[in-house]
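Thanks for coming, everyone. Please take a look at the sequence and the model on the screen. Then I'll walk you through it.

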Amino acid sequence: MKSATNLILFKIVYGMSLAGVSIGFPWLGAIGLIGFLIWHAKTSAHAKADFILAGIAILLGTLVDTINIHTGVLVYQESWPSASIAPFWIMVLWANLALIMNGALRWLQGRYLMAAAIGAVIGPLGYMLGVKLGTASYAGDKLEFVLVTGISWMIALPLLLLIAERLRKQQTA
């Protein structure tokens with residue numbers, strides 16, 4: 001049940017983030033994330049590990065999405081704090097993702113080739129949804145976009161799963 005709730009809360013925050021940017025209120029996702037963090041702190045046996053992972057995911061995601069900007073594959077709406085780095089609402093999405101690594105996605109830990117394949121597909125699809133909702137736009141060739149985002153998520157998802165597993169094991173040791 002916790003795993004299902006974990007996934008549902010992730011999806012709610014994801015939706016709030018994209019909807020917030022679409023309607024000109026990019027902080028909406030952060031408000032949802034605060035609620036998710038509170039729930040997580042109260043229900044997770046490894047919340048400390050997951051909160052550390054959230055910080056790591058923000059750094060990794062900021063790097064990934066700043067690369068998306070500088071390679072010219074995406075332009076993000078609501079580019080606070082700067083148009084030259086990943087926007088705050090994207091950082092919220094990466095922290096949100098971290099909170100399901102030891103929850104709804106725990107079954108993927110140790111299955112890193114599968115995680116890489118899943119990342120290569122869901123990464124570009126997530127960005128495409130954002131483009132359809134008006135939170136970002138393609139800055140160049142669509143094939144280049146799919147390749148850049150697919151490769152970055154093919155690396156990022158298994159990496160986050162590996163770090164999540166190690167942090168969780170350290171906390172429980």
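This is a predicted model: local features need pLDDT of at least 70, side-chain atom pairs count only at pLDDT 80 or more; totals for chains, interfaces and linings use all residues.

Now the buried side of helix 1. Which residues of helix 1 are buried? They are Asn6, Phe10, Val13, Ser17, Leu18, Gly20 and Val21. Look down the axis of helix 1: these buried residues fall within an arc of 165°, so they line one face of the helix. There is a general point behind this. An α-helix has 3.6 residues a turn, so residues three or four places apart point the same way.

What do the buried residues of helix 1 pack against? Three helices: helix 2, helix 4, at 88-98, and helix 5, at 112-132. As for length, helix 1 has 21 residues. From first C-alpha to last, helix 1 reaches 30 Å, close to the 30 Å expected at 1.5 Å a residue.

Next, the end of helix 1. Gly24 follows helix 1, and its phi is positive, near 85°. Phe25 sits in the loop between helix 1, residues 2-22, and helix 2, residues 28-43. Phe25 is partly exposed, with a relative accessible area of 37%. Phe25 also belongs to a nonpolar patch on the surface.

On to helix 2. It has 16 residues. Its span from first C-alpha to last is 23 Å, close to the 22 Å expected at 1.5 Å a residue. Buried in helix 2 are Gly29, Ala30, Gly32, Leu33, Phe36 and His40. Down the axis of helix 2, those buried residues fall within an arc of 150°, so they too line one face of their helix. Ile34 and Lys42 are exposed, on the other side of helix 2. What covers the buried residues of helix 2? The cover includes helix 1, helix 3, at 47-70, and helix 4.

Past helix 2, find His46. It lies in the loop between helix 2 and helix 3. Is His46 buried or exposed? His46 is buried, with a relative accessible area of 11%. Leaving aside neighbours within four places in sequence, His46 is in contact with Asn102, Arg106, Arg168 and Gln171.

Now for the loop between strand 1 and helix 4. Strand 1 covers residues 74-76.

Glu78 counts as partly exposed, at 36% relative accessibility.

Pro81 is in this loop as well. Here is Trp80 again: the peptide bond from Trp80 to Pro81 is cis, with omega near 15°.

Then Ile85, again between strand 1 and helix 4. At 31% relative accessibility, Ile85 is partly exposed. Not counting residues up to four places away in sequence, Ile85 touches Thr66, Ile69 and Met91.

Move on to Gln109, in the loop between helix 4 and helix 5. Gln109 is buried, at 10% relative accessibility. Gln109 and Leu162 are 53 residues apart along the chain, yet their C-alpha atoms are separated by 6.5 Å. Beyond neighbours within four places in sequence, Gln109 is in contact with Met101, Asn102, Leu161, Ala164, Glu165 and Arg168. Asn102 and Arg168 were contacts of His46 too.

Last stop: salt bridges. How many are there? The count comes to one. The side chains of Lys169 and Glu165 meet in it, at 3.2 Å from N to O. Both residues are in helix 6, residues 142-172. They are four residues apart, and so are separated by about one helical turn. Lys169 is partly exposed, at 47% relative accessibility. Glu165 counts as buried, at 16% relative accessibility. Remember that Glu165 is also one of the contacts of Gln109.

That's the tour. Questions are welcome.

Definitions and conventions. Residues are numbered from 1 along each chain as its sequence is written. Side-chain values use heavy atoms; hydrogens and water are left out. Patches are made of residues with over 30% relative accessible area and no salt bridge: like charges are joined within 9 Å, nonpolar side chains (Val, Leu, Ile, Met, Phe, Trp, Tyr) within 5 Å. Accessible areas come from the Shrake-Rupley method with a 1.4 Å probe; for residues, only the protein chains shown count as cover. A salt bridge is a side-chain nitrogen of Lys or Arg within 4 Å of a carboxyl oxygen of Asp or Glu. Helices (H or I, at least four residues) and strands (E, at least two) are DSSP runs, numbered from the N terminus. Buried means under 20% relative accessible area, exposed over 50%, partly exposed in between (1.4 Å probe, protein chains only). The expected span of a helix is 1.5 Å times one less than its number of residues. The arc is that of the directions from the helix axis to the C-beta atoms. Contact means heavy atoms within 4.5 Å.
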